[in-house]
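Subject: Structure for your reading

Dear colleague,

Please find the structure below, followed by a short account of what was found in it.

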Amino acid sequence: YATLFAPVRTHGGFVSDVVGDAMLAVWAQAQPEASQCAQACRAALEVAQAAEHFRVAPDSAGLATRIGLHAGPILLGNVGAADHIEYRAVGDIVNTASRLQALNKALGTRVLASRETVAGLDGFRLRALGSFRLPGKSRATDVFELRGLTGEVVPGERELLQDFAAAFEEFTARRFEAARAGFVRCLERFPDDGPAGCYVALCEYYISQPPAPDWDGVVSAADIPA
């Protein structure tokens, strides 16, 4: 936790809650500003990097760390009754951030953010991963992978993003055979790419069980093969 808390505090957030092996960090002001989202994104990237260094340390248990980011209105205050009251964040935003964190496992990613979080931000490398209907949610969430800061050179990243975007276009057009072939090509060049692997499985699922005729491209979390 010392490893995870430090980037949050450095970038102006505060740890609102710790439950089990998870923490909730909040960036809150009475008047929302884009800078809050940028600070949260920077903190998330540093948390992911610090957690990875911790994970590969010789005496580490090798725990993977996944992060979900969402932005919007929340309530901050005392929650509880009688002799047990805690100060914490309450609202749908907290649940959505938790669902995004969990979606990382299916997509093979480390940091996922909603459109509300990254809209209008500069200085970050992003990959659009599609719209997902998260568990317990009626509205779809546009999901982005937060990959790093602009200016960082990652060999092959441009080609990966181009190949993925082309295959994803086929996917949303319901051309699942072509989409599957495109995502397979991504994996041939980048075998560790989690989102491409997830979408190969999704294509195979939709080929065998086509979505309804009025399908709008939104992926239900329940459709993602385990």
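Gly130 has Val143 of strand 8 as its bridge partner. This is a predicted model, in which local features need pLDDT of at least 70 and side-chain atom pairs count only at pLDDT 80 or more, while totals for chains, interfaces and linings use all residues. Residues are numbered from 1 along each chain as its sequence is written, and side-chain values use heavy atoms, without hydrogens and water.

Strands 7 and 8 run antiparallel and are joined by eight bridges; two strands pair if DSSP finds at least two bridges between them. Strands (E, at least two residues) and helices (H or I, at least four) are DSSP runs numbered from the N terminus. Strand 7 also runs parallel to strand 9 (residues 219–220), with two bridges, and Arg133 stands opposite Ser220 in strand 9. Because seven of its 10 residues are buried, strand 7 is largely enclosed by the rest of the structure; buried means under 20% relative accessible area with a 1.4 Å probe, protein chains only.

The second largest pocket holds about 580 Å³ of space. Leu45, Ala48, Arg110, Leu146 and Arg147 are the closest to its centre among 21 lining residues. A pocket is an open set of points on a 1 Å grid over the protein atoms alone where a 1.4 Å probe fits, with protein on both sides within 12 Å along at least five of seven lines; lining residues have an atom within 4 Å of a point. The volume is the space filled by probe spheres set on the points, which are joined across faces, edges and corners. Helix 2 gives the largest share of this pocket's lining, six residues.

Yours sincerely

Definitions and conventions
Buried means under 20% relative accessible area, exposed over 50%, partly exposed in between (1.4 Å probe, protein chains only).
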